[in-house]
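Here is a short briefing to read alongside the model.

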Amino acid sequence: QVQLVESGGGLVQPGGSLRLSCAASGSIRSINAMGWYRQAPGKQRELVAAVTSGGSTNYADSVKGRFTISRDNAKNTVYLQMNSLEPEDTAVYYCNTDLLAVGSTYWRYYWGQGTQVTVSS
């Protein structure tokens, strides 16, 4: 079994910062890309940022210059440092990873349970 556990969400004022963490655990053979998605009420889920196993990153235009994604391969953990937060960043944030489980012959995407980020004064 593979599990993704997220932490770090909460309520923050505009201009503030939060750091999200997502740790993958279980019978993991290998991890490729790791990323963060978000879904605001009434909107589709969208990619926020992603990082490959080699460290290449990709960001949504709306968060470039404010958010930073990073990963610790030894801990199977991905982080999202969010600075200069805006009310428009309010959403449930989901961790996502492309992972090969022990005993499996194919890669698949796994999702975390989601963590709420609310930006409000």
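## Salt bridges and their network

Across the whole structure, a search turns up five salt bridges. Please keep in mind that this is a predicted model.

**Arginine 38 and glutamate 46**
- Arginine 38 pairs with glutamate 46 in a salt bridge whose closest N and O atoms are 2.7 Å apart.
- Arginine 38 has a relative accessible area of 7%, so this residue counts as buried.
- Glutamate 46 is partly exposed, because its relative accessibility is 35%.

- One partner of arginine 66 is glutamate 86, and here the closest N and O atoms are 3.9 Å apart.
- This pair connects distant parts of the chain, 20 residues apart: glutamate 86 sits in the loop between strand E8 (77-82) and E9, while arginine 66 sits in the loop between strand E6 (57-59) and strand E7 (67-72).
- Glutamate 86 is partly exposed, with a relative accessible area of 33%, whereas arginine 66 is buried at 11%.
- Arginine 66 also meets aspartate 89 in a salt bridge, at 2.8 Å from N to O.
- Buried or exposed, what are aspartate 89 and arginine 66? Both of them are buried.
- Through shared partners, salt bridges join Arg38, Glu46, Arg66, Glu86 and Asp89 into one network.

## The disulfide

- The count of disulfides comes to one.
- In general, a disulfide is a covalent bond between the sulfur atoms of two cysteines.
- Here cysteine 22 is joined to cysteine 95, with an S to S distance of 2.1 Å.
- The link of cysteine 22 and cysteine 95 is left-handed, with -80° about the S-S bond.
- Cysteine 22 belongs to strand E3 (residues 18-26) and cysteine 95 to strand E9, so to speak distant parts of the chain, 73 residues apart.
- Both cysteine 22 and cysteine 95 are buried.

## The nonpolar core

- In soluble globular proteins, nonpolar side chains tend to be buried together.
- The largest nonpolar core in this model holds 32 residues, and Trp36, Leu80, Met82 and Tyr93 have the most contacts inside it.
- Two or more residues each come from strand E1 (2-7), E3, strand E4 (28-39), strand E5 (46-51), E7, E8, E9 and strand E11 (115-119).
- Which element gives the largest share of this core? E9 does, with five residues.
- Leaving aside neighbours within four places in sequence, methionine 82 is in contact with Gly16, Ser17, Leu18, Leu20, Arg66, Phe67, Tyr93 and Val117.

## Asparagine 96 in strand E9

- Asparagine 96 is part of strand E9, which covers residues 91-101.
- The relative accessible area of asparagine 96 is 6%, so this residue is buried.
- Where does a polar atom of the asparagine 96 side chain find a backbone oxygen? The backbone oxygen of tyrosine 110 lies 3.5 Å away from that side chain's polar atom.
- Beyond neighbours within four places in sequence, asparagine 96 is in contact with Leu4, Ala33, Met34, Gly35, Tyr37, Tyr109, Tyr110 and Trp111.

How values were computed. Residues are numbered from 1 along each chain as its sequence is written. This is a predicted model: local features need pLDDT of at least 70, side-chain atom pairs count only at pLDDT 80 or more; totals for chains, interfaces and linings use all residues. Side-chain values use heavy atoms; hydrogens and water are left out. Helices (H or I, at least four residues) and strands (E, at least two) are DSSP runs, numbered from the N terminus. Buried means under 20% relative accessible area, exposed over 50%, partly exposed in between (1.4 Å probe, protein chains only). A polar contact is a pair of N or O atoms within 3.5 Å; within protein, one must be able to donate a hydrogen and the other to accept it, and residues adjacent in sequence count only if both atoms are side-chain atoms. Contact means heavy atoms within 4.5 Å. A salt bridge is a side-chain nitrogen of Lys or Arg within 4 Å of a carboxyl oxygen of Asp or Glu. A disulfide is a pair of cysteine sulfur atoms within 2.5 Å. A nonpolar core is a set of buried Ala, Val, Leu, Ile, Met, Phe, Trp, Tyr and Cys residues joined through side-chain atoms within 4.5 Å.
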